[in-house]
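Colleague: Could you walk me through this model, a bit at a time, while I have it open?

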Amino acid sequence: MAVEMMAWMLAIPLLGLTTGLRSMTPMAVMCWYAYFGWLPVAGTWAEWTGWLWVAIVWTLLALAELVADKMPWMGDRVSRGPLLWRLALGGLAGAIAATALVGPGIEGVVLAVIGALLGAFAGFMIRRDLVEKIGFKDWHIAVVEDVFAIAAAGFALHVITD
């Protein structure tokens with residue numbers, strides 16, 4: 001019971017938070033978990049996440065995002081379009097996680113969307129402040145964010161699948 005509560009109250013919002021930082025990364029990690037059979041979505045609406053070609057496509061999209069994020073022309077994650085995209089993908093990740101936990105999808109969506117909002121705004125402000133006030137190079141902070149997003153998504157899915 002405690003592990004299940006931790007999955008709902010920690011792991012799903014953490015998936016959302018990582019979506020707020022890197023929109024494609026949690027879905028890529030989730031698809032690999034489903035492909036290897038660690039995320040129990042077989043026989044559900046989310047079964048498509050376990051298809052190899054889906055995992056490859058999400059991984060390529062995530063890698064492209066990791067590269068594009070370091071480019072000077074990339075817009076802010078908290079502007080309207082990127083933020084809505086993060087909220088939509090966070091909600092999708094939350095719904096898939098809730099399905100894997102055999103729970104109500106709407107709760108997964110709400111928890112993950114809240115996490116995505118927090119991740120997008122906190123990540124934006126922390127990165128901005130570290131660059132402007134402390135003098136770190138932007139791409140250094142971006143790489144740390146990349147590593148954190150990948151590790152946190154993996155940790156969240158580990159909690160969900162335990």
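Colleague: Which residues does threonine 25 touch, not counting residues up to four places away in sequence?

Modeller: This is a predicted model, and in it threonine 25 touches Ala62, Glu65, Leu66, Ala149 and Ile150, once residues up to four places away in sequence are not counted.

Colleague: And where does threonine 25 lie, and is it buried or exposed?

Modeller: Threonine 25 lies in helix 2, and with a relative accessible area of 4% it is buried, because buried means under 20%.

Colleague: OK, which residues of helix 2 meet helix 3?

Modeller: On the side of helix 2 they are Thr25, Met27, Ala28, Cys31, Trp32 and Tyr35, and these meet Leu52, Val54, Ala55, Ile56, Trp58, Thr59, Ala62, Glu65 and Leu66 in helix 3. The residues of this contact divide into 12 nonpolar, two polar and one charged.

Colleague: How would one describe two packed helices?

Modeller: Two packed helices are described by the angle between their axes and by the distance between those axes. For helix 2 and helix 3, the axes come within 8 Å and cross at roughly 155°, which makes helix 2 roughly antiparallel to helix 3, since angles over 145 degrees count that way. As for the hand, helix 2 passes helix 3 in a left-handed crossing.

Colleague: Switching to charges now, how many salt bridges does a search of the whole structure find?

Modeller: The search finds 11 salt bridges in the whole structure. In one of them the side chains of arginine 22 and aspartate 69 meet, at 2.8 Å from N to O. Arginine 22 lies in the loop between helix 1 and helix 2, and aspartate 69 in the loop between helix 3 and helix 4, so this pair ties together parts that are 47 residues apart in sequence.

Colleague: What about glutamate 145 and arginine 22?

Modeller: The side chains of glutamate 145 and arginine 22 also meet in a salt bridge, at 3.2 Å from N to O. Glutamate 145 lies in helix 6, which spans residues 138–161, while arginine 22 is in the loop between helix 1 and helix 2, so the pair ties together parts that are 123 residues apart in sequence.

Colleague: Are those two buried or exposed?

Modeller: Glutamate 145 counts as buried at 8% relative accessibility, and arginine 22 counts as buried at 1%.

Colleague: Which arginine forms a salt bridge with aspartate 69, besides arginine 22?

Modeller: Aspartate 69 forms a salt bridge with arginine 127, where the closest N and O atoms are 2.9 Å apart. This pair links distant parts of the chain, with aspartate 69 in the loop between helix 3 and helix 4 and arginine 127 in helix 5, 58 residues apart. Both aspartate 69 and arginine 127 are buried.

Colleague: Which residues are linked in the network of salt bridges?

Modeller: The network of salt bridges links Arg22, Asp69, Lys70, Arg77, Arg127, Asp138, Glu145 and Asp146.

Colleague: Where is arginine 86, and what is it in contact with?

Modeller: Arginine 86 has its place in helix 4, where it is buried, with a relative accessible area of 8%. Leaving aside neighbours within four places in sequence, arginine 86 is in contact with Thr19, Gly20, Leu21, Ser23, Glu65, Arg77, Ala116 and Ala120.

Colleague: Let's move on to isoleucine 96, then. Where does isoleucine 96 lie, and is it buried or exposed?

Modeller: Isoleucine 96 lies in helix 4, and at 0% relative accessibility it counts as buried. Apart from neighbours within four places in sequence, isoleucine 96 is in contact with Met27, Met30, Leu39, Val41, Trp45, Ala46, Trp48 and Thr49.

Colleague: Last one, what about glycine 105?

Modeller: Glycine 105 lies in helix 5 and is partly exposed, with a relative accessible area of 28%. With neighbours within four places in sequence left aside, glycine 105 is in contact with Ala95 and Ala98. The C-alpha atoms of glycine 105 and glycine 94 are separated by 7.3 Å, and these two residues are 11 residues apart along the chain.

How values were computed: Residues are numbered from 1 along each chain as its sequence is written. This is a predicted model: local features need pLDDT of at least 70, side-chain atom pairs count only at pLDDT 80 or more; totals for chains, interfaces and linings use all residues. Side-chain values use heavy atoms; hydrogens and water are left out. A salt bridge is a side-chain nitrogen of Lys or Arg within 4 Å of a carboxyl oxygen of Asp or Glu. Helices (H or I, at least four residues) and strands (E, at least two) are DSSP runs, numbered from the N terminus. Buried means under 20% relative accessible area, exposed over 50%, partly exposed in between (1.4 Å probe, protein chains only). Axes are lines fitted to C-alpha atoms, for helices over the stretch in contact, and angles run from 0 to 180 degrees between N-to-C directions. Angles under 35 degrees count as roughly parallel, over 145 as roughly antiparallel, 65 to 115 as roughly perpendicular and the rest as oblique. A crossing is left-handed if the near helix is turned anticlockwise from the far one by less than a right angle, and right-handed if clockwise. Contact means heavy atoms within 4.5 Å. Ala, Val, Leu, Ile, Met, Phe, Trp, Tyr, Cys and Pro count as nonpolar, Asp, Glu, Lys and Arg as charged, and the others, Gly among them, as polar.
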